[in-house]
Every structure is written in structure tokens, then in C-alpha cells.
Amino acid sequence: MTAPLPPVASGGAGAAASPAVPARTEDPTQLPASPWKLARTRLRRQKAALTGLGIIGFFVLAALLAPVLTAISGRGPADTDKKAVNQYLGGLPKGSLGGVSPEHWLGVEPMLGRDIFARLLYGAQISLLVAFSAALMITLIGVLLGITAGYFGGRIDTVISRFMDVMMSFPSLIFMIALLSVARDVNRILLLIVVMGVFGWPYIARVIRGQTMSLKHREYIEAARACGTSSARILFTEILPNLTGTVIVYVTLAIPGLIGAEAALTFLGVGVRPPTPSWGQMIADSVLYYKVDPMFFVLPSACLFLIVLAFTLLGDALRDALDPKGSRA
């Protein structure tokens, strides 16, 4: 009998005949990218989103720095300058482009001579404050009622859904005009926020309700329910985080509509009232002068157009970034 051959030592002749295959090593520090990181990466690649974000940042910064900028210019939103208008020509601004001068960087309003630059800055404060506050109110009410109706179902879902149907079929614009016309001795800004918030929540509530009904049948929700987790904890720690993307996209797309609604109501004379500056109010005042002083009409209209366009571009980009499959469908 022949004795078995001894194993070939590493590094010997046998090792040269059969080279060792290098073992596959995985870097434990390389973790899969989170959905939010992927969404940020997609968002950075979209020029329209970056443009919209830049315009929004510009207007938000201008609104926040309005007191500083008006102090530098030396003119407040309510300050009048009779010397900047020609009383013999119906109060039209002196000079070209609506009275643009070193004292008035964007010109003055006809008749009163108020500085347009200052009124545009403080008008941005009003528009953004009303829109952001109403969007926050809409989101809180809509998300709370939507997840409640979608998760519990039954009679709770029936009552909330019928209430949603009533609110969505209600002529909200007519009611807002009537209410704002009757309520005179109240804070107009607060009333605008409340009225737009009360009539705006059913739309996001219906979307949240449908997605909650889909999420509550997932395996991890069933597992949490089987472990004895309370319904409130499931709603706010399991379901609500999965709805964050939808809420962000909806709010971003709803803000331009709220800005336009505030400007429209003010234009009709039932929104913000003088001497509080507002873009809608400036557009309404400029209707009588758009032929002889077009800059008075163009400037607030351009601001309103740009901010609405910026939020629309950002909202569309966020929807594509957070749900690329749904955006291609």
C-alpha cells in the first residue's frame, strides 16, 4: 500500500500549479443609500428644481430682511413722497420707469408716492406668511383626519369621508368672499389663514386616506399590531413616516395656489386692506395706471408670477424625485 501524499504546503510547487483565488471581501462601511439620499441626488440633477429653489430662497430672504433693506433705502412701505409725483399730471411719478431714482430704487406709486421697493418687500412677507400658515393648517387637519379615516375604517371612515365630500362640494370661493366682506373689525391676515385652511384640507385628507388604507395591510403593520402596539403608536411611528414624501410634495404644490388665492381675494377687495402692503392690492391699484405707468403693474405681477412658478417647478421636481416610478407612469 502506498502512503497518501502529504498536503502541499502553501507557497510550494503545487501552489504555483493551482493559483489561489482571492477571497471576496465586502466593505462593511458601504451601506445602501437611503431613499431620502437618492431623492436629494435626483433633485440636484434637475435644473428646474434648483432654479425654483433659488427663486424661493431669494423671496424668503428678501421678506425676512425687509426691515434691514428698507432701512438702507431710507423709505418705509407707508412713507409718502409728494415730491416724487407730478401733481399737475394726475399724480404720475416723475422721471422714467415709474420714478426710478437713487431715492426710490424701483419707483413710486402714483398719487401717494409710496416706495414700490419697500411695498414689494413687505408684500412678500404677507403673501408668504399667509401661504405658509394656511398650508401648515391644511396639512395638520388633512393628515390627522386622513390617517384616522384610512386606518380605522368603518363608521369613522364613513363620517370623515362624507364630511370631506361636503367640504369639497361647498362653494368655498363664494363663501370666502362673503365671510371676508362681512367680517370687518378683525385681523384680516388671520382670517385669511383660517378661511383658506378650513376649506383646503379635504384634498390632502383624501390622498392620505387612500395611502393609509394601502399601508395598514403591510406585513410590518400586522406584526406591530400582533405585538400589542397601540393604534396611536402605529399611526405616528409606522404609517406617518411613510407618508412624509407625499405630504411634502402636496404642500409644495399647494403653496402657489394659496399665494394666488390671497392675491386674488385682496385684488377683489376682501383680503388684506390698506395700508398693509400686498401684491394683490398693488395689482388692483395699478389697473387704473397700466397704460401711463406700466412699471407699477409689471413689478408686483412679476413677483407673483415668479414665486408661483418657483413653487410649481420645485413641487414637480420633488414629486419626480420621491416617486420616480409614479412620475414615469
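Trainee: Which residues in H6 meet which residues in H8?

Mentor: First, the ground rules. This is a predicted model, where local features need pLDDT of at least 70, side-chain atom pairs count only at pLDDT 80 or more, and totals for chains, interfaces and linings use all residues. Residues are numbered from 1 along each chain as its sequence is written, and side-chain values use heavy atoms, with hydrogens and water left out.

Now the contact (heavy atoms within 4.5 Å). From H6 come Asp157, Ser161, Phe163, Met164, Asp165, Met167 and Met168. They meet Val198, Phe199, Trp201, Pro202, Tyr203, Ala205, Arg206 and Arg209 of H8. By class, the residues of this contact are ten nonpolar, one polar and four charged. (Ala, Val, Leu, Ile, Met, Phe, Trp, Tyr, Cys and Pro count as nonpolar; Asp, Glu, Lys and Arg as charged; the others, Gly among them, as polar.)

Next, the geometry. H6 covers residues 154-169 and H8 covers residues 188-215. Both are DSSP runs, numbered from the N terminus (helices: H or I, at least four residues; strands: E, at least two). The two pack at an angle of about 135°, and their axes lie 9 Å apart. (Axes are lines fitted to C-alpha atoms, for helices over the stretch in contact; angles run from 0 to 180 degrees between N-to-C directions.) H6 and H8 are therefore oblique to each other. (Under 35 degrees is roughly parallel, over 145 roughly antiparallel, 65 to 115 roughly perpendicular, the rest oblique.) H6 passes H8 in a left-handed crossing. (Left-handed: the near helix is turned anticlockwise from the far one by less than a right angle; right-handed: clockwise.)

Ala263, Thr266 and Phe267 of H11 contact Gly280, Gln281, Ile283 and Ala284 of H12. This contact has four nonpolar, three polar and no charged residues. The peptide bond from Pro274 to Pro275 is cis, with omega near 5°.

Two other loop residues deserve a check. Leu97 has a positive phi of about 55°, though it is not a glycine. Leu97 sits in the loop between strand S2 (92-93) and H5. Leu97 is exposed, at 55% relative accessible area. (Exposed is over 50%, buried under 20%, partly exposed in between; 1.4 Å probe, protein chains only.) Met111 lies in the loop between S2 and H5 too. Its phi is positive as well, about 70°, and Met111 is not a glycine. At 41% relative accessibility, Met111 counts as partly exposed.

Now step back. The protein has 14 helices and two strands. Of its 329 residues, 39% are buried. Among contacts between residues at least 6 apart in sequence, 73% join residues at least 24 apart.

The largest nonpolar core has 71 residues. (Such a core is a set of buried Ala, Val, Leu, Ile, Met, Phe, Trp, Tyr and Cys residues joined through side-chain atoms within 4.5 Å.) Helix H5 (residues 116-152) gives the most to this core, with 14 residues. A second, separate core of five residues includes Ala62, Ala66, Leu121 and Tyr122. In the largest core, Ile239, Ile259, Trp279 and Ile307 have the most contacts inside it. Leaving out residues up to four places away in sequence, Ile239 touches Tyr151, Thr212, Leu215, Ile221 and Ile234.
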